[in-house]
Amino acid sequence: PTPVTNLKRVSTPYIPFGDNNDFPQTIATLSRESATLGSILSSKGDFAAGDGYECKNNANVEQWLKKVNKDQNIIDCIEPIFIDFYLSGNGYMRVCRPINSTVLGEYSISHIPQHKLRLSKELNSYYYQDDWTQRTQNGVPVGQFPDFTPCGVEGIYEESIIHIKDYVPAFDYYGLPTYMGAVQYAKLEYLIGMYNNNQFDNQMLPSGVLELVTSGMQEDDAKRFIKSVKDKYVGVEKGNNGKILVIEKDGSENKASFTPISQEQEGSFKELKQISTETIITACQWFPSLAGIATEGKLGSNQQIAQEFEIAVRHVAKLQNKFIQQLYKVVRLTNSGEFEFKFINRKPGNISKLTERVSDAQIGMFNGLLTASIAEIDPTKKRAITNAFVILFGFSENEAQSMIYGTNIISNQ
């Protein structure tokens, strides 16, 4: 999207987001079309929400967090906010409270999808609309929420918006996702899937070139005919790849001709698909293993998994802290007093279990495989067993030897 740099040139009461005010809708659609992007965004939001939370030193706040609105606890509320943040660079939280109330139990917070809000031109409120693509012409949005402030407004309730975003150079009013440089690759991943799917839908028939003689037609009729054929037979997203290409032929020949084009049948653009996937993962600053994406030829050691989780925890902590700061602002408007809040971040659940399995594996090796004494084991087998523990469990060579044999018995072999 092109950044808005001069509010005087904005003709609507809200600041558009995207050249046609449709950027939030566009990337929401893209996240559903790109399997890799959608998986990563869901994984990051889920990971940032963690395995729960801890609230200390305030039973009143702890009780409120269990039901921050009529349907949700605090984790249920914030996970979609986090997903929106990673999707678009913007997360929105609605705060609803009676005017001047200091009773926390009368407050509620909830999530509003990022594609439904636009910042007002005055920078002090947000406009709400279910589908902004239907409002681009008349510019009259429906619904308006003030920016969150400690002071009340006229009426019984104040419904205000807390906007969570990161700083982006040249974008003063909205955030942007980290994967902006890979948007085209996410689109490409979708198109590759569509292309290969269309090959099946079109019975995997070879494409061909159909040459039509239009010299006997009027010029306008010929153009309309060619356009109608192209609309029907050209375009990946229309399901038309794998069909035919129609071209106009002028000349003395008075018959049409068809030239088939052979195609490979095992699927197309596999290398490009891999490049797209890798680029999306890199741009999202995430790990394939945490998004459930298999990486060919990489099993991943215990140590590697632990390191990836540690980096991921540091990555999501930035967003978690942003939310905690806003949560403190809301609660401190009440008479609830001070409290401590923190997320319970997830851990690689197989770490402790893996240690137990290593112990079982050690016993199994001795009882089932290593019937001979240590001294009688072939050095080559010793090395192979040690290497297996190094690769599969992330131990150093000395650690693996110690766990398997109880001592470093093959260091000189």
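This is a predicted model: local features need pLDDT of at least 70, side-chain atom pairs count only at pLDDT 80 or more; totals for chains, interfaces and linings use all residues.
A pair of aromatic rings is described by the distance of the centres and the angle of the planes. The structure holds 14 aromatic pairs. One of them joins tyrosine 14 to tyrosine 127 in an edge-to-face arrangement, with 6.3 Å from centre to centre and 65° between the planes. Tyrosine 14 belongs to the segment before helix H1 (23–33), while tyrosine 127 sits in strand S5 (residues 125–128), so this pair ties together parts that are 113 residues apart in sequence. Tyrosine 14 has a relative accessibility of 2% and counts as buried. Tyrosine 127 is also buried, its relative accessible area being 12%.

A further edge-to-face pair is formed by phenylalanine 82 and phenylalanine 323, whose ring centres are 6.0 Å apart and whose planes stand at 90°. Here again distant parts of the chain are linked: phenylalanine 82 is in helix H4 (residues 74–88) and phenylalanine 323 in helix H8 (residues 302–331), 241 residues apart. Phenylalanine 82 and phenylalanine 323 are both buried. These two rings also take part in a cluster, in which ring pairs link Phe82 and Phe323 with Tyr53, Phe341 and Phe343.

H2 runs over residues 35–49, which makes 15 residues. From the first C-alpha of H2 to the last, the helix reaches 21 Å, close to the 21 Å expected at 1.5 Å a residue. After the helix comes glycine 50, with a positive phi near 75°.

Positive phi values also turn up away from glycine. Most residues other than glycine have a negative phi, and most peptide bonds are trans. Asparagine 57, although not a glycine, has a positive phi of about 70°. Asparagine 57 is found in the loop between strand S1 (53–56) and helix H3 (59–65). With a relative accessibility of 63%, asparagine 57 counts as exposed. Leucine 123 is another such residue, with a positive phi near 65°. The loop between strand S4 (117–119) and S5 holds leucine 123, and a relative accessible area of 39% makes leucine 123 partly exposed.

The cysteines can be described briefly. A disulfide is a covalent bond between the sulfur atoms of two cysteines. The structure holds zero disulfides. Cysteine 77 has 0% relative accessibility and counts as buried. Cysteine 96, at 19% relative accessibility, counts as buried too, because the cut-off for that class is under 20%.

Last comes the surface. Tyr185, Phe269, Leu272 and Ile275 form a nonpolar patch there, and together these residues have about 320 Å² of accessible area. Phenylalanine 269 is partly exposed, at a relative accessible area of 41%.

Technical notes. Residues are numbered from 1 along each chain as its sequence is written. Side-chain values use heavy atoms; hydrogens and water are left out. Patches are made of residues with over 30% relative accessible area and no salt bridge: like charges are joined within 9 Å, nonpolar side chains (Val, Leu, Ile, Met, Phe, Trp, Tyr) within 5 Å. Accessible areas come from the Shrake-Rupley method with a 1.4 Å probe; for residues, only the protein chains shown count as cover. A salt bridge is a side-chain nitrogen of Lys or Arg within 4 Å of a carboxyl oxygen of Asp or Glu. Buried means under 20% relative accessible area, exposed over 50%, partly exposed in between (1.4 Å probe, protein chains only). Helices (H or I, at least four residues) and strands (E, at least two) are DSSP runs, numbered from the N terminus. The expected span of a helix is 1.5 Å times one less than its number of residues. A disulfide is a pair of cysteine sulfur atoms within 2.5 Å. Rings of Phe, Tyr and Trp (its six-membered ring) pair if their centres lie within 6.5 Å; planes under 30 degrees apart count as stacked, over 60 as edge-to-face and the rest as tilted.
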